[in-house]
Amino acid sequence: MKKLIFSLLIAGSAIGLSAKPTLLNIKETITDNSIVPPESFETDTYKMKQNWYLKNYTVLNDNFANTPVVNATDEEYIKRLSQMPTDIEMPYNQIVRSYINMYVQRRRELVENMLGMSLYYMPIFEEALERKGLPLELRYLPVIESALNPDAVSRAGATGLWQFMLPTARGLGLEINTLVDERRDPYASSEAAATYLKQLYDMYNDWSLAIAAYNCGPGNVNKAMRRSGINNPDFWSIYYFLPQETRGYVPAFIAANYVMTYYNQHNISPALAKRPIVTDSIHINKRVHFQQIADVLSLPIEEIRVLNPQYRKDIIPGDTRPYALVLPGMQVHSYIMSEDSVLTHDGTRYGRRLVVEPTDINAPSGEYTTKSVVKTHKVRRGETLSSIASKYGVTVAEIKKWNKLKKDRISSGKNLKIHTYERIPKPKTEDKAIVAVATADSAMMEARADSALMAEAQVAVKTEPVAVKEAEPATAAKAKAKASNEPKFVRYKVRKGDTLGKIASKYRGVTVKQIQNANGLKNTNIRAGQTLKIPQK
């Protein structure tokens, strides 16, 4: 068979000298020594293995270094490609072989990782293609486009599983803004890709040209067709008139179909599922953060991100229009039952303020002041020193210094000391009024005490004038001194969210211990609606 191919090459050259080559000859004899692999070949397989889905739902081979490479002959490649049940033509030649060899030799670990991801993504691709009546072998286009990474971004800016450029994506109705990028959404982008591929096929009535146009655009394909001067050409007849990076696109597509079908013939371990992933979706009409969902439903935030890669900032902006949230099947019902708890969880942190009035906290008449505090932060799953530092407005180096950390890695559940500043409210006008009333009441009580003492003294004068004259000044002075030494209190009604610490900070010079003593409290537990006596100097 090798001799036959070599003869075809010689014959092809001879035909080129004497007569116009046929499409059959071109497909089978075309050669190219300047192969340009797609960007997906550069995918970092180690980083890819850290994907939450691959780590938790699949079993991958960690011993590729000791797994021997198995090659195939030209005859075997031709036979296997011919036996694939495809509508799209899969011819074999030196260029196709080069791309197959890249997958089965140098990028074998990438193939296994993609096989693992395909357990989740292929059914999504197939459903979108079926709805448009397109060949199912097109499901392997994302293999060469993105290596099945929904967050892949090319050097030119193409994004997502199907690698859409921004203008093309918007032309197909995909939403792209700061919070949402539907090019990363497996469902929305697959629907758009199927629509676009059908448009291209209707334009050329040839899948090799449609696939080439998917890569470089119809304009470049039309230009190559005009320059070739061939009537009814296919991809192979305009090969050398196409941009260099597009020449390898159809051969890479054929190679991707081959390797995803015959990987086991090349000693590449099949990706096995640890457990099935069953998902369901729900439409969200409120603004919600992934962390709120993760905390209330006890889900890893990484799992929510894997299932919803279109939300770029972990925020679902459901307050603008309904958006889909994909969750593990059993968790959808849990979300429906717990939605109110999800939306109110840590609402101060994740809520969005609609109206805000600026406050100068340094102004003398300001309602707030600041004080230095040391907070304790309990590390949550998925948090890093960088994300924690960003939350509190400090640096990673400062956190490491305060907690005597030598490494940047931290484990969930660890408590960290954070030095920061806290805004605290100054006593409100109503609180000052309470103080003034309490002071007036205290003065009135003191005056009444003095009057009672004077009346008592007058009675004593009538019976023992001499003794009273000597005792009157001392008794009155003593009573007055006793009244002045009695502690003064302000009554405070506990509000929702109050703590003894917060209440003490509202009254200058008052400590939590003093409030406890004044109210006979054995601990710091208080309840909303409870009235407390606040000591005053």
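**Helix 24 and residues with positive phi**

Helix 24 is followed by G520, a residue whose phi is positive, near 65°; helices (H or I, at least four residues) and strands (E, at least two) are DSSP runs, numbered from the N terminus. The model is a predicted one, in which local features need pLDDT of at least 70 and side-chain atom pairs count only at pLDDT 80 or more, whereas totals for chains, interfaces and linings use all residues. Residues are numbered from 1 along each chain as its sequence is written, and side-chain values use heavy atoms, with hydrogens and water left out.

Within helix 24, which spans residues 512–519, I515, Q516 and A518 are buried, where buried denotes under 20% relative accessible area, exposed over 50% and partly exposed in between (1.4 Å probe, protein chains only). Seen down the helix axis, the buried residues of helix 24 fall within an arc of 165°, so they line one face of the helix; the arc is that of the directions from the helix axis to the C-beta atoms. On the other side of helix 24, K513 and N517 are exposed. The cover over the buried residues of helix 24 includes strand 9 (488–493), helix 23 (500–506) and strand 10 (531–536), with contact taken as heavy atoms within 4.5 Å.

Most residues other than glycine have a negative phi. In N205, however, phi is positive, near 55°, and this residue is found in the loop between helix 10 (186–204) and helix 11 (207–216). Phi of D314 is likewise positive, near 65°, in the loop between helix 16 (301–307) and strand 5 (315–317). N205 counts as exposed because its relative accessibility is 58%, whereas D314, at 13%, counts as buried.
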